[in-house]
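This briefing goes through helix packing first, then single residues and backbone geometry. Please keep the sequence and the structure open while reading.

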Amino acid sequence: MTFRARHLLGIEHLAPEEIRTVLDLAEKYVDLNRRTVKQADALAGLTQINMFFENSTRTQASFELAGKRLGADVMNMSVAHSSVKKGETLIDTAMTLNAMHPDLLVVRHPSSGAVNLLASKVNCAVLNAGDGRHEHPTQALLDALTIRRAKGRIQRLTVAICGDIAHSRVARSNLILLGKMENRVRLIAPPTLMPSGVAEFGCELYDDMREGLKDADVVMMLRLQKERMDGGFIPSEREYYHRFGLDAEKLSFAKEDAIVMHPGPMNRGVEIDGEIADDINRSVIQEQVEMGVAVRMACMDLLARNLRAERGAKAAGVMV
Ligand code: CP
């Protein structure tokens, strides 16, 4: 198995063979998670701390379940009731928890780069659960696993990512991953929600849904990230839905067997029609949630192997 990373901070640091390693191991955890008894021991004896400085349903719940199913002691730090509210900084908070000897630290933070900074201060493995508009690596990995299971491959596909690209860490991690795996990536957004310089990633840019969706294999919808917007980016939600919301008519431009994805949380009637989101013949949104647990189990398992190897080498006096 090829996976050299000490931390999981972003897709930009992963090689294609490391991405494949995560997906292959995650397949085994999909099987485990469908059994009545969902217990393994890959993280037995290890301590995992989840620190979420931003709201989350899917990511926090799945990291917690992933750690528990692999036998870790899992602690969710309640940021709202912590000394962060008394003015303690992110780094002081992390150093305090680091002194309790965790092995895995899962961090979500509203500032881009905050998780990378934190990783340089602690001596355990750090997993980025989403930092500002920078990266959300486990989301891109679970999306890749969902696509590979639905399409039978994660290469040579046309993937349309639609909506608020400018504020989306999900879009950024996905376009990096999909590019590394040699897919054709199209970004569809109004000009106000398309980040400058994004064409450097090798994507095709559209501001018309019908043109951008033409013959797409995968349609990935994004929510308007209002919490990261300062000012008006769209005339109104009604107008936005009319031009960029995914409905049956716009979806008819994609391939007949195109799948519909959304990382959640969804705003029905804003970026996606509720009937499309619930259509079990097109939508894989619930599968994405299921794959999230398996992918996070795989990521933590692989990081724990590297951590144990590093500690074992240090104990034996070998330089790593
Ligand atoms: N997709 C995602 O990150 O969802 P949550 O914000 O609920 O974790």
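The model is a predicted one. Two packed helices are described by the angle between their axes and the distance between the axes.

**Helix H5 with helix H6**

- On the H5 side the contact uses Pro137, Gln139, Ala140, Leu141, Asp143, Ala144 and Ile147.
- On the H6 side the partners are Val170, Ser173, Asn174, Leu177 and Leu178.
- By class, the contact of H5 with H6 consists of eight nonpolar residues, three polar and one charged.

**Helix H5 with helix H11**

- Six nonpolar, five polar and four charged residues make up the contact of H5 with H11.

**Helix H2 with helix H11**

- H2 (residues 58–69) and H11 (residues 285–315) have axes that come within 8 Å and cross at roughly 50°.
- H2 and H11 are therefore oblique to each other, and their crossing is right-handed.
- From H2, the contact residues are Arg58, Thr59, Ser62, Phe63, Leu65, Ala66, Gly67 and Arg69.
- From H11, they are Val289, Gly292, Val293, Arg296, Met297 and Met300.
- The contact of H2 with H11 has seven nonpolar, four polar and three charged residues.

**The buried side of helix H3**

- In H3 (residues 90–98), the buried residues are Leu90, Ile91, Thr93, Ala94, Leu97 and Asn98.
- These residues lie on the same side of H3, because they cover an arc of only 160° around the axis.
- Strand E1 (47–52), strand E2 (73–77), strand E3 (104–109) and helix H4 (114–119) are what the buried residues of H3 pack against.

- Pro263 sits in the loop between strand E9 (259–261) and helix H10 (274–278).
- Pro263 is buried, because its relative accessible area is 11%, and the cut-off for buried is under 20%.
- Not counting residues up to four places away in sequence, Pro263 touches Arg58, Gln139, Val170, Met221, Leu222 and Gln288.
- From C-alpha to C-alpha, Pro263 and Leu251 are 18 Å apart in space, and they are twelve residues apart in sequence.
- Arg153 is found in the loop between H5 and strand E5 (158–162).
- Arg153 counts as partly exposed because its relative accessibility is 28%.
- Leaving aside neighbours within four places in sequence, Arg153 is in contact with Ile147 and Arg148.
- Arg153 and Lys255 are 102 residues apart in sequence and 16 Å apart in space, C-alpha to C-alpha.

**Backbone geometry**

- Most residues other than glycine have a negative phi, and most peptide bonds are trans.
- His101 is not a glycine but has a positive phi of about 60°.
- The loop between H3 and E3 holds His101, which is exposed with a relative accessible area of 63%.
- Glu182, also not a glycine, has a positive phi of about 65°.
- Glu182 is placed in the loop between H6 and strand E6 (184–188), and Glu182 is exposed, with a relative accessible area of 62%.
- From Gly264 to Pro265 the peptide bond is cis, with omega near -10°.
- Pro265 is in the loop between E9 and H10, where Pro263 is also placed.

How values were computed. Residues numbered from 1 in each chain as written. Predicted model: local features only at pLDDT ≥ 70, side-chain atom pairs only at ≥ 80, totals over all residues. Heavy atoms only, no water. Axes fitted to C-alpha atoms, helices over the stretch in contact; angles between N-to-C directions. Helix = DSSP H or I, 4+ residues; strand = E, 2+ residues; numbered from the N terminus. Parallel < 35°, antiparallel > 145°, perpendicular 65-115°, else oblique. Left-handed = near helix turned anticlockwise from the far one by under 90°. Contact = heavy atoms within 4.5 Å. Nonpolar A, V, L, I, M, F, W, Y, C, P; charged D, E, K, R; others polar. Buried < 20%, exposed > 50% of the residue type's maximum accessible area, 1.4 Å probe, protein only. Arc of directions from axis to C-beta.
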